[in-house]
Amino acid sequence: MKTYKYLFLLIGLSMIGCSDLEEEPVGLLSPTTYFTSIDKLQVAVNGAYGYMHNRYFLTRETGMTLMLRSDMIEISDPNTRQERIDHDEFTDLDDNGQTRVSWPIMYQIISAANQAIAGAETINADEAEVNAVVAQAYFARALAYYHLVRQFGDIPYLSEPVTNVEEGNNIEKTAAADVYTNIIADFTFAKTWLPTTQATRSIPSAGAASSYLASVYLTIGNYPMAYAEAKDVINKKNTYGYDLEPDFQNLFNSALARDSKEPIFTLDYIGDTSLGNYSTDYLVPFTGIRADDQYGSGQEGWAVLVPPLKAFTTWDDDDYRKAVSFDTTGVFDGVERPYNQAPTAQELENDENSLGGFNAVDSRNKNQPYCAKYTRFRGESGGNGRASSHAYSLMRYAEVLLIAAEAANEVTPGSQEAHDWVNEVRERARDGAAGSTQSASPANVSGLSGAAFTDMVLEERRLELAFELKRWYDIARRKLGTQVFSASGLEGAKSFSEDDYLIAIPEVEQERNPNL
């Protein structure tokens, strides 16, 4: 399996140059000469997924943007790059370096998918066999556009390969509503033609496409369709092989996550950094504690991203997800130290203003619990902590349950099934680790309807999906910015305005194309 995953990334790299808008893109990958078999179509499709493993996508730049713009992460190291601080404080402009590299990688995914979709038209083979493969490209294109439209709003929409650079550099923006229509069409095609199961959850199935359709409908406020799509996934969970993982920790254990029924679509890493930007996983070091060696990896964290203290202190201690999500202690030079440890006499002698805790070990650390979902069981390490063996769940069954619950309440306020789906998720949180005694909380919910239920389920999503790149999208789609970035203590130094729901298209793209 590891050999397969390694080749999977190499195949993705074979697409580099084929989709970039350079001097003479025509002929680099011509549908009429290259796409002669389904096997070659699969190679082209895999190129889109290879780009998803690039650092500029979800495991570094794009992922950092999503984390920092939420109320669940803030900057730890005060000397980190300004482009990160600007996203944290909502002072980012169109020249932000982090945004500048995030934007093109999503279009590279799209470009590779478009090459495959166009190439499929030339293959002389059984339509069902061709569609089962090209449906993966439709899925990849929809996923990339889904991230783009939620971050930037109106964007250029490319549905076929660009063969004329001048035309490509003058494309008009497409209204966000129309982009969503195209995303729905792509995911619907994928749902129709993809098989119900795949050899690995890093390859999309019909259930993955259906789950994302539910998410898209929820985002655009089409609650009847979100409800219908999510409920369809729930009704077919045995067909798709989905269920809640009994032990929440296993979802973030690189040795166990791939055997779980809960992940629906994953981004898969193998603990290897030999492919550079295409195999490095930066969520681990960015969320780790500086100088901490409690997991015996020999690789310290970088202390860039840290949860605000109140995100920890307001979380119910009986909720097992809290223990899984946070590290409250570190191990430094073989000695365990809690985040809030008072400064020692020696530390005060060296610095009368010593804060103790993690900060006394390294000034880039904040005296706050750090995110443990990615550091605790990362598996293979290396590359100064840039490698892991994580299979990141970009969509998992618990989210489908919460999508269904939120949508059901909008369709039929206070419906019992909406409560039941939330309570499934909460029961797992009460169960704790395998073999432990069930706790009393989070208790089942009952008797809520309308806005009260919506507030509850959004809070449940905040906790269940903490640090999984979901929270900012919830804040934006429900327009929660003025609510969550208040004087609550969750926001740190964040200063939010209504304009901040969308990110500015990079200046370099605007200079290249005046229509942007």
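Predicted model: local features only at pLDDT ≥ 70, side-chain atom pairs only at ≥ 80, totals over all residues.
Reader: Let us start with helix pairs. How are two packed helices described?

Author: Two packed helices are described by the angle between their axes and the distance between the axes. Take helix 11 (residues 223-235) and helix 17 (residues 397-411). Their axes come within 8 Å and cross at roughly 140°.

Reader: What is the orientation of helix 11 and helix 17 to each other?

Author: Helix 11 and helix 17 are oblique to each other, because an angle has to be over 145 degrees to count as roughly antiparallel. The crossing of helix 11 with helix 17 is left-handed.

Reader: Which residues make the contact of helix 11 with helix 17?

Author: On helix 11, look for Tyr223, Pro224, Ala226, Tyr227, Ala230, Val233 and Ile234. On helix 17, the residues include Tyr397, Val400, Leu401, Ile403 and Ala404. By class, this contact of helix 11 with helix 17 has 15 nonpolar, no polar and one charged residues.

Reader: What angle do helix 17 and helix 19 make?

Author: Helix 17 and helix 19 (residues 450-464) pack at about 170°, and their axes are 9 Å apart. That angle is over 145 degrees, so helix 17 and helix 19 are roughly antiparallel to each other.

Reader: Which residues meet where helix 17 packs on helix 19?

Author: Helix 17 brings Ala398, Glu399, Leu402, Ile403, Ala405, Glu406, Asn409 and Glu410. Helix 19 brings residues including Phe453, Val457, Leu458, Arg461 and Glu464. The contact of helix 17 with helix 19 divides into seven nonpolar, three polar and six charged residues.

Reader: Which residues does serine 202 touch?

Author: Leave out residues up to four places away in sequence. Serine 202 then touches Tyr49, Phe265, Thr266 and Asp268.

Reader: On to strands. In which sense do strand 7 and strand 8 pair?

Author: Strand 7 (residues 329-332) and strand 8 (residues 335-338) pair in the antiparallel sense, over four bridges. Pick one bridge to trace. Threonine 329 has proline 338 in strand 8 as its bridge partner.

Reader: How many residues lie between the strands of this hairpin?

Author: The hairpin of strand 7 and strand 8 has two residues between the strands. Aspartate 333 is found in that loop.

Reader: What should I know about backbone angles?

Author: Most residues other than glycine have a negative phi, and most peptide bonds are trans. Aspartate 333 has a positive phi near 55°. Aspartate 333 counts as exposed, because its relative accessibility is 83%.

Reader: What is the phi of leucine 469?

Author: Leucine 469 has a positive phi of about 70°, although it is not a glycine. Leucine 469 is in the loop between helix 19 and helix 20 (471-477). At 14% relative accessibility, leucine 469 counts as buried.

Reader: Which peptide bond is cis?

Author: Look at the bond from serine 441 to proline 442. This bond is cis, with omega near 5°. Proline 442 lies in the loop between helix 18 (416-431) and helix 19.

Technical notes: Residues numbered from 1 in each chain as written. Heavy atoms only, no water. Contact = heavy atoms within 4.5 Å. Pairing = 2+ DSSP bridges. Axes fitted to C-alpha atoms, helices over the stretch in contact; angles between N-to-C directions. Parallel < 35°, antiparallel > 145°, perpendicular 65-115°, else oblique. Left-handed = near helix turned anticlockwise from the far one by under 90°. Nonpolar A, V, L, I, M, F, W, Y, C, P; charged D, E, K, R; others polar. Buried < 20%, exposed > 50% of the residue type's maximum accessible area, 1.4 Å probe, protein only.
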